[in-house]
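Subject: Structure handover

Hello,

Please find the sequence and the structure below. My notes on what was found follow after it.

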Amino acid sequence: MQFSLYAGLLLLSCLVSIALAGYASHRTSDKVMRAFLFLMLGVFLWSFTYLLEAVSTSIEYKLVWAVLSVTDLIVPVLFLNFVLQFSRLGNRIPPVALALLMIIPAISFLLAVTFPFHGLVWPEIYVVQSMLAGISLIYIHGAWYWVEIVYSFLLYFAAAGVLLHSVIRSPPVYAVQMWLIFVSSLFPFISSLLYALASPIFLGIDFTPISFTVTGLIFIYAITRYLLFDLIPVAHEQILIDMQEGVIVIDERDRIVEINPAAGTMLSLSMDVIGSHISVLSPFLPSCVTEGQDCSLPENQISHIGDRWIEFRVYPIQTDKSLAKGEGRILLCIDVTERELSKLDLQSRNEQLETMNLQLEHEVTERRAAEQSLRLVNKKLNLLTSITRHDILNWVTVVNGYSRMLEDSYPESDPAYLKKILQAGESIGEIISFTGVYEEMGSQAPQWISIDMIFVEPDITQLSSKISVTRDVSGLFVYADLMFSKVFYNLLDNSIRHGGGASQVRISGFHSGQNYCLVYEDNGCGIPDNEKELVFKQGHGKNTGLGLFLIREILDITGISIKECGVFGEGARFEILIPEGGYRFNSSSSK
């Protein structure tokens with residue numbers, strides 16, 4: 001291998017081109033960047049094959065890399081494709097046309113591989129040595145080489161023509177980008193021209209791949225200074241073609257001067273209407289257009305055309321702001337079918353909702369009348385039960401009073417009968433009192449009730465004086481019926497009456513998943529296993545059997561459950577399970 005200044009310049013060209021290819025590889029979804037990536041890869045392949053030929057000292061290896069370097073003919077094709085994509089004209093060139101441009105490079109490669117048999121590419125090859133490139137080869141150009149040169153220059157001129165045409169029609173910031181691309185292409189073009197016409201003078205050294213270093217540096221400057229590939233010029237013709245909205249341009253003499261495909265599709269028009277008077281369009285157009293009136297302000301109108309709704313917007317064209325009358329008009333056609341159908345559907349639904357609202361108002365009126373009648377009936381029933389309960393209690397008081405008088409007046413009578421009469425009277429009184437309590441249950445909305453405040457109520461305090469009560473939970477609030485305090489009153493009363501000598505009651509709690517379990521337990525005799533559920537049934541018990549039944553009914557109003565799970569002989573244990581959202585603690589409480 002040999003290293004020379006020429007090889008070093010080729011290496012620099014390889015590095016610049018592959019760096020630009022790496023930059024473009026991050027945005028290959030864009031057609032312009034994809035075309036630029038292919039161009040830079042082609043330039044890299046050209047420079048790299050020349051580099052391998054330059055560092056080789058063997059004649060055979062130099063010829064191998066020289067044959068492979070013939071693929072450099074694809075670079076002009078890739079450059080033309082890049083320019084077309086950059087100027088947004090690529091869609092006008094069918095892909096098959098670009099594929100056909102690769103025929104000449106393919107023929108050149110085949111002729112290069114077989115060059116010893118025909119001499120169309122290199123009839124003669126000489127070995128020379130120079131200070132710039134070391135040992136190198138001078139290729140005498142055959143007939144096919146000139147075909148390649150003419151073909152390459154034709155492609156270059158086509159690309160340059162597209163660039164210059166875009167410069168004329170582009171705004172200044174885009175024109176600068178076009179000029180930079182044009183200038184960057186001049187260096188490879190001039191180098192190729194010099195090599196083609198004066199190869200022996202330069203001792204067979206082709207400076208074209210080296211010139212790509214300058215081209216790459218200009219690209220880098222354009223990218224960093226003028227936002228090349230970030231601000232890509234778009235031809236206004238392509239904008240009109242790609243727009244989904246229809247556009248019709250009308251001049252000051254009411255002639256159609258331009259129409260895009262979208263407008264032709266919406267209005268069933270062909271491109272033949274260009275040059276015709278505006279009157280050839282249907283009468284559904286805005287009056288501002290058809291009558292040739294002054295259109296100094298935008299005017300909108302929606303027309304129903306077939307099964308579509310088209311919104312027309314008319315805008316004046318004024319090149320001289322001092323003129324009152326515009327020099328033409330732009331008619332923008334927008335398909336608003338979905339919007340109009342949605343409006344019709346919304347209108348229909350609104351009508352249905354209005355009908356339903358009238359029906360609901362009628363039903364609500366009837367329901368309110370029914371609720372008012374029901375409240376009146378309940379009020380009368382409550383008054384009747386209250387009066388009846390009061391009268392029954394009065395007569396129970398009379399029965400109990402006379403029974404005790406008989407017991408005192410006739411001590412020789414059988415006391416068992418009088419005791420039964422007294423017990424019956426007391427039971428009747430408790431039952432009647434229970435109906436009053438049960439009647440109040442659920443009559444008002446539930447509220448947040450503090451456990452701490454329950455145990456300072458007079459009834460609870462009176463019972464607490466008969467048995468030791470320990471509370472290990474504080475700051476707890478329960479969302480329950482207003483009669484929630486009756487739960488603890490009945491539990492304490494049950495422990496005192498039926499606890500079998502219970503002397504202590506402990507109230508604690510713990511979290512059970514998302515729920516909270518409030519525990520009431522005493523140290524009495526407990527409840528047998530076969531009665532743990534029966535104790536909550538109505539009528540079960542040694543007295544009226546309504547205490548625990550009332551507890552479950554009160555708790556059930558807000559979804560709270562209760563069960564007995566104590567050990568018989570060790571005491572009763574009631575677990576009150578409060579669902580999530582039915583309990584809370586204040587911030588300073590211990591949970």
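I start with a hairpin. Strands β3 and β4 form a hairpin with four residues between the strands, and D254 takes a positive phi near 60° there. Strands here are DSSP runs of E with at least two residues, helices are runs of H or I with at least four, and both are numbered from the N terminus. This is a predicted model: local features need pLDDT of at least 70, side-chain atom pairs count only at pLDDT 80 or more, and totals for chains, interfaces and linings use all residues. Residues are numbered from 1 along each chain as its sequence is written, and side-chain values use heavy atoms, with hydrogens and water left out.

β3 covers residues 246-251, and six of its six residues are buried (under 20% relative accessible area; exposed is over 50%, partly exposed in between; 1.4 Å probe, protein chains only). In a regular strand the side chains alternate between the two faces of the sheet. In β3, G246, I248 and I250 on one side are buried, as are V247, V249 and D251 on the other. β3 pairs with β7 (residues 328-335) in the antiparallel sense over six bridges (pairing needs at least two DSSP bridges between two strands). D251 has G328 of β7 as its bridge partner. Towards β4 (residues 256-259) there are three bridges, again antiparallel, and V249 stands opposite E258.

Two open sheets

Three strands make an open antiparallel sheet in the order β8-β10-β15. β8 (447-450) and β15 each have a single partner strand, so one side of each is left without a neighbour in the sheet. The twist averages 30° from one strand to the next (axes are lines fitted to C-alpha atoms, for helices over the stretch in contact; angles run from 0 to 180 degrees between N-to-C directions). β8 is joined to β10 (residues 476-480) by four antiparallel bridges, with W448 partnered by Y479.

The other open sheet has five strands, ordered β9-β11-β12-β14-β13, and its pairing is mixed. Its edge strands, β9 (468-471) and β13 (561-564), pair on one side only. The twist here averages 20° from one strand to the next. Four bridges pair β9 with β11 (residues 504-512) in the parallel sense, and V469 stands opposite V505. Helix α17 (residues 485-498) packs on this sheet and touches β9, β11, β12 and β14 (573-578), with its direction at about 30° to that of β12. Contact means heavy atoms within 4.5 Å.

Rings and charges

There are 23 aromatic pairs in the structure (Phe, Tyr and Trp rings, the six-membered one for Trp, with centres within 6.5 Å; planes under 30 degrees apart are stacked, over 60 edge-to-face, the rest tilted). One of them is Y516 with F585, edge-to-face at 5.3 Å centre to centre and 75° between the planes. This pair links distant parts of the chain: Y516 is in β12 (residues 515-522) and F585 in β15 (residues 583-585), 69 residues apart. Y516 is buried at a relative accessible area of 1%, and F585 is buried at 15%. An aromatic cluster is formed by F79, F153, Y156, F157 and F189.

Two charges sit over rings (NZ of Lys or CZ of Arg within 6 Å of the ring centre and within 35 degrees of the ring normal). K486 lies over the face of Y489, 5.7 Å from the ring centre. R552 has its charged end over F536, 4.2 Å from the centre of that ring.

Regards
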